[in-house]
Amino acid sequence: MSDILDQLHEVLEQRRHAAPDASYVASLHHKGLNKILEKVGEEATETLLAAKDAEQGDASQSDALISETADLWFHSLIMLSHLGLDHHQVLNELAGRFGISGHDEKAAR
């Protein structure tokens with residue numbers, strides 16, 4: 001599954017250095033971190049609202065939640081890219097948490 005993340009990472013890196021009028025991703029990078037964070041926050045809010053709607057059990061609401069979550073992940077990946085980071089670091093962090101109690105992991109932070 002990380003194959004799609006690898007492909008997306010490559011596209012995001014290519015577009016990061018493109019002209020702002022050439023792509024949406026390039027325009028976000030050009031506007032800077034604050035604009036990217038604004039988009040991450042917006043998508044996080046939309047994801048939360050979609051989750052509340054999906055709790056009602058309507059299949060179309062579940063589809064909306066999946067779509068909003070994809071938007072949130074996408075913009076989070078742009079954020080990481082802007083800061084010179086990538087999804088591998090996040091996946092490594094998650095992998096390192098296997099076998100550790102969530103309570104213990106949180107206490108160790």
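Me: Let's start with Thr-47. Which helix does Thr-47 lie in?
Reply: Thr-47 is part of helix H3. Keep in mind that this is a predicted model.

Me: Buried or exposed, that Thr-47?
Reply: Thr-47 is buried, because its relative accessibility is 11% and the cut-off for buried is under 20%.

Me: What does the side chain of Thr-47 reach at 3.1 Å?
Reply: That would be the backbone oxygen of Glu-68. A polar atom of the Thr-47 side chain also lies 2.8 Å from the backbone oxygen of Glu-43.

Me: And which residues does Thr-47 touch, leaving out those up to four places away in sequence?
Reply: Thr-47 touches Leu-65, Glu-68, Thr-69 and Leu-72.

Me: OK, on to Lys-39. Where is Lys-39 found?
Reply: Lys-39 is found in helix H3, which covers residues 33-54.

Me: Why does Lys-39 count as buried?
Reply: Its relative accessibility is 13%, so Lys-39 counts as buried. The limit is under 20%.

Me: What does Lys-39 touch, again skipping residues up to four places away?
Reply: Tyr-24, Leu-28 and His-75.

Me: How far apart are Lys-39 and Pro-20 in space?
Reply: They are 16 Å apart, C-alpha to C-alpha. In sequence, Lys-39 and Pro-20 are 19 residues apart.

Me: New topic: H2 and H4. At roughly what angle do their axes cross?
Reply: Roughly 50°. The axes come within 11 Å. H2 is residues 24-31 and H4 is residues 59-82.

Me: Left-handed or right-handed crossing of H2 and H4?
Reply: Right-handed.

Me: Which residues meet there, between H2 and H4?
Reply: From H2, Tyr-24, Val-25, Leu-28 and His-29. From H4, Phe-74, His-75, Ile-78, Ser-81 and His-82.

Me: How many of the residues in that contact are nonpolar, polar and charged?
Reply: Five are nonpolar, four are polar and none are charged.

Me: Which residues in H2 are buried?
Reply: Val-25, Ala-26, Ser-27, Leu-28 and His-29. Of these, Val-25, Leu-28 and His-29 also meet H4.

Me: Last one. What follows H2?
Reply: Gly-32 does. The phi of Gly-32 is positive, near 100°.

Note on methods. Residues are numbered from 1 along each chain as its sequence is written. This is a predicted model: local features need pLDDT of at least 70, side-chain atom pairs count only at pLDDT 80 or more; totals for chains, interfaces and linings use all residues. Side-chain values use heavy atoms; hydrogens and water are left out. Helices (H or I, at least four residues) and strands (E, at least two) are DSSP runs, numbered from the N terminus. Buried means under 20% relative accessible area, exposed over 50%, partly exposed in between (1.4 Å probe, protein chains only). Contact means heavy atoms within 4.5 Å. A polar contact is a pair of N or O atoms within 3.5 Å; within protein, one must be able to donate a hydrogen and the other to accept it, and residues adjacent in sequence count only if both atoms are side-chain atoms. Axes are lines fitted to C-alpha atoms, for helices over the stretch in contact, and angles run from 0 to 180 degrees between N-to-C directions. A crossing is left-handed if the near helix is turned anticlockwise from the far one by less than a right angle, and right-handed if clockwise. Ala, Val, Leu, Ile, Met, Phe, Trp, Tyr, Cys and Pro count as nonpolar, Asp, Glu, Lys and Arg as charged, and the others, Gly among them, as polar.
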